[in-house]
Amino acid sequence: MTVAAPRLSPPEEAASPRAARVALVGNPNTGKTTLFNRLCGLRAKTANFPGTTTDARFGRWAPPELELPVEVVDLPGLYRLSLDLPESRVCRQALGGEGLYQAPDAVVVVVDTTNLSRNLHLVGELLHFRLPTVVALNMVDLAQRRGLSVDAERLSKKLGCPVVPMVARSGVGLKELAAAVVDLVSGPRTAAEPAVEPPAVDEPRVLAAWADSVVAASVGGVAAVGAAGDTVTERLDEAFTHPLVGVLVFLGVMAGMFWVLFQLATVPMDLIEATFEHLGGWLRGAMPPGAIRDLLVDGVVGGVAGTVVFLPQICLLFFLISLLEDTGYLARAAFVMDRILCRFGLPGQAFVPLLSSHACALPGIMATKLIPDPKDRLATILVAPFMSCSARLPVYVLLTSLLFRDRPMFAGLAFAGCYLLGATAALGSAFLARRSLLRGRSRPMVLELPSYKMPSLRSAVYTAVDQGAGFLRKAGTFILGVSIVMWWLSAYPTSEPPQRAVDLRAEAASVATSAPEQARELAAEADFLAAKHAQSHSFAGMLGHAVAPVLTPLGYDWQLTVGVLTSFLAREVFVSTMAVLLVGS
């Protein structure tokens, strides 16, 4: 289904001055969001798969040449404005000033210089909107390495609008682009006037021929005259997208990433753990005995420390994933996983929601609106919670660290196995659902493989910092609140120690002079029995004992049962709950 783009007339000038609005438009994988971050100083992150984002981002850019700031709108990546897809509808509404959107004063079209012909399809559609337009010719460095040479001046004459070569990742050409945008928004409103009018949007074949003619007139070099493609890229793609080798490479990359995760995060984790132990010991010595000291030491410090200690691994994980995504490999992994998903009855479009669910199941479920078939959409929603989200990372780290202490290779394999187990459960559930309640065939996914690039360390660091800050906000609010509640539930009501503990303390007192080492061991055993008895008879113990019979077949005791119950509030509080319950045990 195609929808004709309207021919818009310039809106009337506002009575009072307002901030100019500039819309960023482009195909997926063109560096549009990178440019948005460069202009606005933000840290937006978009996966390089079509359809991952269907909402517009807004940012403020303050060029010194203008008195008022410029509002920049980062529209979702799309291939065609005329398609009946969510991202296309959002862009049409934003460019046309429909609904809650205000029509932009200028449009910046970000195009990939290495794939200019296909990118010009979207440019041709945008020219029909009769808006002041500038073309950001991104990734010119990659084009030059491939033997391409683009005559920006000739291309500008063909399109009837400014064309600025640039490299958004490094900031090359950013000043020239800013100057072109400032000229558009500060001068008289003039629409782009191409030398040859692009065909109508409902004539895709003629539009493709128009794009080829523009490229032929403005692009030169070895690659432009039909020479063989990049053989290195082709060989890598053959390996990364192979039905068998691709899967093995994917598993190897994941296992290696988790090995690095455990190998490098050990030192900062030990420092955090030692810091909290020192803080707890200082509070215990500085404050008089009582409920307030126990709350701060056992509830606040002990509970939060049990979760914050995993912050280095969480930050490092997202740092590594960001690097992998920037290289272009994750798109190849998506291609490989698409074959697997289709065999289990999930559509190819389900890869994006399932990948998003590794951060959180909620945005993953929300992303299923991109799946057109209702049965495919419902099947994806049902299995998305099985994917291992970031909230489970502290639990996985706790288990693998206990089982494989000082063995990072085995810990990494076990960590990857946890992720694989969640994915296996999701695929198995989808297989059953599509052959019982949701019968039907799944649809394949159309996916563009981006070019291989050097990853951006700056972007990866920002991603890691943002994810870590979000985790700390949880630790400082929700996890702290749960830790305090769990401390109160595990500390009250108070109960007398068991007789065995009383006897041990009496025996320890009797041998304190003659055998001080034995006395300390007896006193420690007495304290352990007293703490165990007190927790067992606390409110948390009562709750755990009441529900424990349900989970006893799984080998859970009452403490693990309480941890499982609190994890229904948030998965990451399982670790802090166990840290509070096991204090003194």
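The second largest pocket has a volume of about 1,600 Å³. A pocket here is an open set of points on a 1 Å grid over the protein atoms alone, where a 1.4 Å probe fits, with protein on both sides within 12 Å along at least five of seven lines. The volume is the space filled by probe spheres set on the points. This is a predicted model, where local features need pLDDT of at least 70 and side-chain atom pairs 80 or more, while totals for linings use all residues. Residues are numbered from 1 along each chain, and side-chain values use heavy atoms, without hydrogens and water.

Helix 10 gives the largest share of the lining, 9 residues; helices are DSSP runs of H or I, at least four residues, numbered from the N terminus.

Now the salt bridges, defined as a side-chain nitrogen of Lys or Arg within 4 Å of a carboxyl oxygen of Asp or Glu. The count is 9. One joins R434 to D376, with 2.5 Å between the closest N and O atoms. R434 sits in helix 18 and D376 in helix 16, 58 residues apart. R434 is buried at 3% relative accessibility, and D376 is buried at 1%; buried means under 20% relative accessible area, exposed over 50%, partly exposed in between, with a 1.4 Å probe and protein chains only.

R505 and D527 form another, at 3.1 Å. Here R505 is partly exposed at 37%, and D527 is partly exposed at 42%.

Definitions and conventions:
On a 1 Å grid over the protein atoms alone, a cavity is a set of points where a 1.4 Å probe fits but cannot get out, and a pocket is an open set with protein on both sides within 12 Å along at least five of seven lines; lining residues have an atom within 4 Å of a point. Helices (H or I, at least four residues) and strands (E, at least two) are DSSP runs, numbered from the N terminus.
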